[in-house]
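Hi,

Here is the structure I promised to pass along. Have a look, and my notes on what turned up in it follow below.

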Amino acid sequence: MTGRALYKAIGSPKTIVAPMVDQSELAWRILSRRYGAELCYTPMFHARLFATEEKYRKNMWSEFDGNEDIDRPVIVQFCANDPEYLLQAAKLVENKCDAVDLNLGCPQGIARKGNYGAFLMDDWELVRKLITNLHENLSVPVTAKIRVYDDWEKSLAYARMVLDAGAQFLTIHGRTRDMKGQLTGLANWDILKYLKDNLPEDQVFFSNGNIIYPNDLQRCMNHVGCDAVMSAEGNLYNPGVFWTETNEKEKQFPRVDKLLREYFEILREYPTDANKHAMKAHFFKILHEFLNVHKELRPVIGRTSVHANMDDWDAIVKQVEAAVAKIYQQDDISDLDVIKVGEDESWGGQYREVPYWRCQPYFRRVDGEKQNTRVLKIAASSELANTNKRKTVDEKAEPVDAKKSKTEPLAATT
Ligand SMILES: Cc1cc2nc3c(=O)[nH]c(=O)nc-3n(C[C@H](O)[C@H](O)[C@H](O)COP(=O)(O)O)c2cc1C
């Protein structure tokens with residue numbers, strides 16, 4: 001199917017869960033769809049490992065992933081630098097997804113070392129081969145997610161090349177490869193608009209970057225004129241970021257106790273390796289603001305292994321439920337439980353003041369880099385992480401030293 005036909009066939013989605021290493025796994029996709037996500041990307045999988053290592057594949061992909069009843073529409077993302085491995089990997093999922101995406105945006109050192117992601121921006125011929133090989137040999141369409149260059153014309157030429165090679169959807173993250181860590185700034189919606197305006201009118205075009213609240217989605221669509229908007233961090237800290245059908249605060253800024261319970265029950269129903277592995281990081285992110293007040297829970301989550309009995313995790317959810325229940329016993333709770341909208345900001349939107357017991361965006365400090373590197377490390381070293389290594393990374397999953405900065409809404413990590 002060509003781009004527009006595919007887009008219509010999957011229901012013309014407007015809201016998209018971004019590919020996120022270790023974080024856009026099945027359970028999270030199921031949850032996000034309940035809060036308005038209309039299309040989801042899997043985490044990036046390393047094509048060569050996926051094609052050649054059964055253990056890696058089993059860790060990343062289960063019989064439930066891509067299932068027609070619970071996990072569609074879904075696009076499976078790979079990073080690759082070898083057209084044959086990429087095709088082999090994609091063939092293994094072609095009957096379980098709506099399209100296969102090539103990651104051309106990962107800017108981390110690990111991607112530099114492995115020569116994939118945004119570092120393929122230096123090798124257009126290889127990018128062309130990777131995409132064309134899928135386009136010609138896969139039964140589902142190929143799509144691509146790219147970053148921009150500082151040079152707008154070069155960005156346009158690059159996007160055109162990616163499309164000529166056969167990509168049917170184009171997602172553009174409005175940051176350059178260097179915009180990461182301390183240098184991460186706001187994504188540039190102006191260049192996204194320029195690219196949208198200069199690519200074929202019918203091209204399916206997704207924007208990525210700067211989404212922190214539900215109303216940012218429409219702002220972005222108006223500004224760029226894109227078909228849909230993708231969010232990564234906004235969605236991780238608050239899946240309600242995709243809810244635009246109504247202004248219900250229960251949907252747009254869900255209570256952490258309710259959302260955590262809902263997520264946990266999905267996990268219990270589908271305890272796949274990837275779902276379980278991602279659990280601790282999701283707990284920390286859902287509860288991010290809440291844990292700044294209920295600090296006693298932080299070490300409890302920190303020391304509970306993702307391999308622990310699910311009852312141990314259930315006990316944590318119950319602790320959160322009990323703490324929030326107490327909050328709602330306050331006489332003046334109806335005055336306290338409100339979302340306050342701030343002044344218009346220079347970046348075009350407004351901040352909200354959200355009670356700490358509700359999901360809300362995380363404002364990253366700008367002078368420190370946080371990375372989610374487990375899978376990227378595996379990808380570079382070709383080794384599967386053992387349990388101990390995983391534990392170490394798990395425990396670091398939450399940025400405890402994060403400080404609010406009202407000048408940098410969100411920063412990309414991958
Ligand atoms: C935890 C995390 C993991 C990510 N993993 C991937 C990935 O696997 N593939 C990819 O293309 N981008 C990845 N990214 C980048 C996002 O897809 C997105 O392009 C970036 O975060 C900017 O969007 P945002 O401003 O909505 O966060 C990741 C981002 C985060 C926060």
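Pro 73 sits in the loop that runs between helix H4 (54–60) and strand S3 (74–79). The peptide bond joining Arg 72 to Pro 73 is cis, with omega at about -5°.

On confidence: the protein chain averages a pLDDT of 89, and 88% of the residues score at least 70. The stretch to watch is residues 368–414, where the pLDDT is below 50. That stretch still has 82 contacts in the model beyond near neighbours in sequence. Where pLDDT is low, the predicted coordinates should not be read in detail.

For the overall picture, the protein chain has 20 helices and 10 strands. Of its 414 residues, 49% are buried. Among contacts with a separation of 6 or more, 72% are between residues 24 or more positions apart.

Now the loop between strand S1 (15–17) and helix H2 (26–34), which holds Pro 19. Is Pro 19 buried or exposed? With 28 other C-beta atoms within 10 Å, Pro 19 is buried, because 20 or more is the cut-off for that label. Leaving out neighbours within four places in sequence, Pro 19 is in contact with Ser 24, Tyr 41, Thr 42, Pro 43, Met 44, Gln 77, Asp 101, Asn 103 and Lys 145. One of these, Thr 42, is 23 residues away along the chain, yet the C-alpha atoms of Pro 19 and Thr 42 are separated by 5.2 Å.

Asp 22 is in the loop between S1 and H2 as well. Its phi is near 65°, a positive value in a residue other than glycine. Asp 22 is buried, with 24 other C-beta atoms within 10 Å.

Asn 210 also has a positive phi without being a glycine, about 75°. Asn 210 is placed in the loop between strand S7 (204–208) and helix H10 (214–224). It counts as buried, with 24 C-beta neighbours inside 10 Å.

Over in strand S8 (residues 228–231) there is Met 230, which counts as buried with 28 C-beta neighbours inside 10 Å. Not counting residues up to four places away in sequence, Met 230 touches Ile 16, Ala 18, Thr 171, Phe 206, Ser 207 and Asn 208. Met 230 and His 173 are 57 residues apart in sequence, with 8.8 Å from C-alpha to C-alpha.

Then there are the helix pairs.

First up, H5 and H7. The axes of helix H5 (residues 83–91) and helix H7 (residues 124–137) come within 9 Å and cross at roughly 40°. That angle makes H5 oblique to H7. The crossing is right-handed. On the H5 side the contact is made by Pro 83, Leu 86, Leu 87 and Ala 90, and on the H7 side by Lys 129, Leu 130, Asn 133, Leu 134 and Asn 137. By class, that gives six nonpolar, two polar and one charged residues.

H7 also packs with helix H8 (residues 152–165): their axes come within 8 Å and cross at roughly 30°. H7 and H8 are therefore roughly parallel to each other. Here Trp 124, Val 127, Arg 128, Ile 131, Thr 132 and His 135 of H7 meet Tyr 158, Met 161, Val 162 and Ala 165 of H8. The contact of H7 with H8 has seven nonpolar, two polar and one charged residues.

Last pair: how do helix H13 (residues 256–269) and helix H17 (residues 310–327) pack, and at what angle? The angle is about 165°, with the axes 9 Å apart, so H13 and H17 are roughly antiparallel to each other. Their crossing is left-handed. H13 brings Val 256, Asp 257, Leu 260, Arg 261, Phe 264 and Arg 268 to the contact, while H17 brings Met 310, Trp 313, Asp 314, Val 317, Val 320, Glu 321 and Val 324. These residues divide into eight nonpolar, no polar and five charged.

Cheers

Definitions and conventions: Residues are numbered from 1 along each chain as its sequence is written. This is a predicted model: local features need pLDDT of at least 70, side-chain atom pairs count only at pLDDT 80 or more; totals for chains, interfaces and linings use all residues. Axes are lines fitted to C-alpha atoms, for helices over the stretch in contact, and angles run from 0 to 180 degrees between N-to-C directions. Helices (H or I, at least four residues) and strands (E, at least two) are DSSP runs, numbered from the N terminus. Angles under 35 degrees count as roughly parallel, over 145 as roughly antiparallel, 65 to 115 as roughly perpendicular and the rest as oblique. A crossing is left-handed if the near helix is turned anticlockwise from the far one by less than a right angle, and right-handed if clockwise. Two residues are in contact if their C-beta atoms, placed from the backbone, lie within 7 Å. Ala, Val, Leu, Ile, Met, Phe, Trp, Tyr, Cys and Pro count as nonpolar, Asp, Glu, Lys and Arg as charged, and the others, Gly among them, as polar. A residue is buried if 20 or more other C-beta atoms lie within 10 Å of its own, exposed if 12 or fewer, and partly exposed in between; C-beta atoms are placed from the backbone. pLDDT is the predictor's confidence in each residue, from 0 to 100.
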